Amino acid sequence: MSNEASIHGAGEHAAQREFELEVRAQDMEVNFGPQHPATHGVMRVLVRSDGEVVTGAQAHLGYLHRCAEKIGENVEWLMYLPYTDRYDYLSAMNNNLGYSMAVESLMGIRIPRRAELLRVICVELNRVGSHLIAFGTYGMDVGAMTPFFHCFREREWMMALFEKICGARLTYSYIRIGGLFNDAPPGWLEEVARFCDVFEERWVEYEQLLLSSHIFIQRTAGVGVLSREMALAFGVTGPMLRASGVDWDLRRDMPYSIYAEIFAAGAFKVPLGSGAKGKLGDCWDRTWVRVMEMRESIGIVRWCLAHMVEGPVVGDLPKVLRVPAGESYVAIENPRGELGHYVVSDGGRGSIRTRVRGPSFSNLAVIEELLPGALVGDAIAIIGSIDIVVGETDR
Amino acid sequence: MSTGEGNAFLDLLNAVLPASVPSWIVVPSAAVLAIAVCVALISVNTMFSVWLERKVAGHIQCRYGPMYTGWHGWLQSLADAVKLLVKEDIVPRGADRILFVLAPALALAGILGAMAAYPFAPHVFFADIDLGLFLILALSSVTTIGIVMAGWASNSKWSLLGAMREAAQVIAYEVPLGLALLVPVMIGGTLNLIEASRLQSDWFGMGWFVFKNPFALPALALFFTAALAETKRAPFDLPEAESELVAGFHTEYSGIRWSFFFMEEYTGMFLMSAIAAVFFLGGFESPLTWGLRQSLGEDPGFLNHVVRADGSTQTLIAIGGFVFQLVCALTLIVKTMLGVFLMMWLRWTLPRLRVDQVMTMGYKYLTPLALLCVLGGGLWEWARAGWGS
Amino acid sequence: MDFTGIHDRLSLIRAPGLLGADLPRKADPANKSLRARAGGPFVSVEAALLPQFLRVCRDDPRLCFEMLVDISATDPSKSATELWVNVSLLSVSARQRLQIKSSVPKQAPRLPTCSGVYPAANWHERECAEMFGLVFEGHPDPRHILLPEDWIGHPLRKDYEYPKTYHGISCE
């Protein structure tokens, strides 16, 4: 097997600079992606392996780069909202919320109470949906084909709920600057309550079928251990950070929206990894944190349903919005970590800079450290446990 | 007893053809007929297994599986077969053409050869081989050569990884497979499948080897696990690990060549289950066959040679014997299919083991356990035989 | 968000012994630029001093900013002469954020890399470099990250012109 035929690059200069590490004759260079069943999107990981052991890894991004930040400068404030759905398309409600909150902080407006409650319900249901996909596809990566279908059974219901409230199943554009798009239809809140009940029963199945499965534990415990120091140094956030033992959740520690109230009422805890099956910060811990978070999100939704009020939900905004000049960085807790929007306004009709700090982008940086030394099968397990969405990595 | 008495194909041809046809035509024709039936059986089994797999997968995953092609999708396999036949035949550039074309044929040839020892019924078999079990184990290993050839010849690193994993896995699990099979061989004292089945006809048809020796049940479990690894079924399906290696060693294959690999896999599953059924679970025997034996005699054949008054022999079909052979055949098929179903059930429930875990399990756990079973089983048999007194 | 503690800590940054950071005064009429209305606590630092300043933020036990959250740049307008750089830090133990603002001239957009202090800066700096043309001196791996390796130009600059074709594909 020769190595010269396998370095791909658009230009020779680029190809030479790509792999600056020493190339030994017997190492095999394998491309994971861009088309691959396990990279969770269009991403390419160039892996150098000595048989089954990985000796080097390089991530190549940009296959899904859709210039979201440039578009942010070219459209008006309200028009940018559908673009926010599409970076992390699995948790579109969260993205909407992040952007809306960033603009609202520049404007200094208050959101009606009912809108806040509905926002939190939608965002937490979205979190459940996103973790369901992370969990189901992770099972598939590891070889268990069945939990994926069970997860999608619940996710279908969640998407049907969202379709009832805003008309879309995946990219909602529902949470808008100043409030929401429209109010919930009659009967929606009751259906959400039913969903919570059924989901809590089915949640037990996920734990039993995959999380406690001996083979799954063998495949993920002790694999891809991310230490606390490395997690903080690489700017890792979200379930990955909590699985490494760092007790940090923006909803509790830097609360936004009504989360301070919800946490004070004791409606949710933040699951923290503990190295229960292997070492602290391994793939099993990350999966465990996500599964536990699903249950906590249901608890938050129940609290909001119990404290629901009547009232307006749509913000009172002019058709052409002009936001006062200034800069603002507002971050929320995405299912993947800290989603930050840094917007700069000069008082005009659109922003002059919309910077999106995507959690998957920072979380992904650790694979270049975690992969070497692992087996090829472990490489898949590690990449899957990071739970990236390439739309957010590339924007 | 290789081409002689009791072989249904030979008897049938002898009865049908006029007596003037010399035996050097009749015997090979019987062989050709047997091979044709074997290939037909394998094709039907594959088509049925594909349908069964998809239905089992569907129901485990809270959905139905194929429903549109025929009643509950029973024509789905036919539709798939037609689709595969008309697909473009692609050989990747840079692939070793001869090996690429030869590999699936070799994989299938090995398992087809092993099917020669599979008996339908006590009098309906392709060949009554005294070393039947040995032949099956030996020939089913030939498929590994085909698979490694496929991985190498595809000129793709994914395929090569899959092929290397397959070679390592098969070598690791051949040992516990053979050792676990030693236990029923010791109980029965024969490697001949038909003979072994006949030896389990006591105890009202429930005198199966698995009940006759306390070490036979663990041996069955070990055999089944090793068989899962040999046939590359989950949790040992690394060589074709879909989510890791796209499709492993058969990534570059499409159309009919790909279907050869799948025929090889399903036939292997069928054969391993059949071995388990014959050597552990009684083979043809069940209380029903015991009952039939009571009324029809010890070994009812379905052809009766009647000597007429004028000295010529006439061959008639004996209804009782025919029923007996049919019941035997169905019993074996049902037992085999139970094993196949169990393999499918496990595939859709369990995740996949990593390659080093597969090796650890094979060498460090299964092999010592298999050795213990052989030791214990042998001592038990020796004790049963009176310690050699 | 609780800002009460941050001013004490920011005053620490001004203390002698640490690098002199320039805290803008809110009511300064001369400081009429957009940055006067930044939301949240921020510090302006000279670009050349950025890595040392970050090292102090990370290592000083009273400041303890363990995590670098984001490095981004802004091109304020076509006529502006400077590119703005914004570094966002997070202190997990003190539950506080800090934005560090810096500028570099557009004609010579060079500044030292921070990836030696926070490995997280590595990929963020690569993105800023390809999008704005910033040169991070000393960066271990200055390749394009989101754009193709042979892309010409810096897309997020206000004076960026889209190419007409790319490898024979028309971009009209």
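**Close-up views of chain A and its partners**

**View 1. Chain A against chain C.** In this predicted model, 39 residues of chain A are in contact with 34 residues of chain C, contact meaning that C-beta atoms placed from the backbone lie within 7 Å. On chain A, the elements that each supply at least two residues to this side are helices 1 (12-18), 2 (68-74), 4 (92-107), 9 (228-233) and 14 (359-364) and strands 6 (326-334), 7 (337-345) and 8 (353-357). Helices (H or I, at least four residues) and strands (E, at least two) are DSSP runs numbered from the N terminus. The chain A side holds 18 nonpolar, ten polar and eleven charged residues; Ala, Val, Leu, Ile, Met, Phe, Trp, Tyr, Cys and Pro count as nonpolar, Asp, Glu, Lys and Arg as charged, and the others, Gly among them, as polar.

**View 2. Chain A against chain B.** Here 27 residues of chain A are in contact with 23 residues of chain B. Strand 1 (28-32) and helices 5 (113-142), 6 (146-166), 8 (214-220) and 16 (376-386) of chain A give two or more residues each. By class, the chain A side has 14 nonpolar, eight polar and five charged residues.

**View 3. Helix 6 of chain A against helix 7 of chain A.** The axes of helix 6 and helix 7 (residues 188-211) come within 10 Å and cross at roughly 165 degrees; axes are lines fitted to C-alpha atoms over the stretch in contact, with angles from 0 to 180 degrees between N-to-C directions. The two helices are therefore roughly antiparallel, the term for angles over 145 degrees. Contributors to the contact include Trp157(A) and Leu161(A) of helix 6 and Phe195(A) and Phe199(A) of helix 7.

**Notes.** Residues are numbered from 1 along each chain as its sequence is written, and chains are lettered from A and ligands numbered from 1 in the order in which they are written. Local features of the predicted model need pLDDT of at least 70 and side-chain atom pairs count only at pLDDT 80 or more, while totals for chains, interfaces and linings use all residues.

Key
Two residues are in contact if their C-beta atoms, placed from the backbone, lie within 7 Å. Angles under 35 degrees count as roughly parallel, over 145 as roughly antiparallel, 65 to 115 as roughly perpendicular and the rest as oblique.
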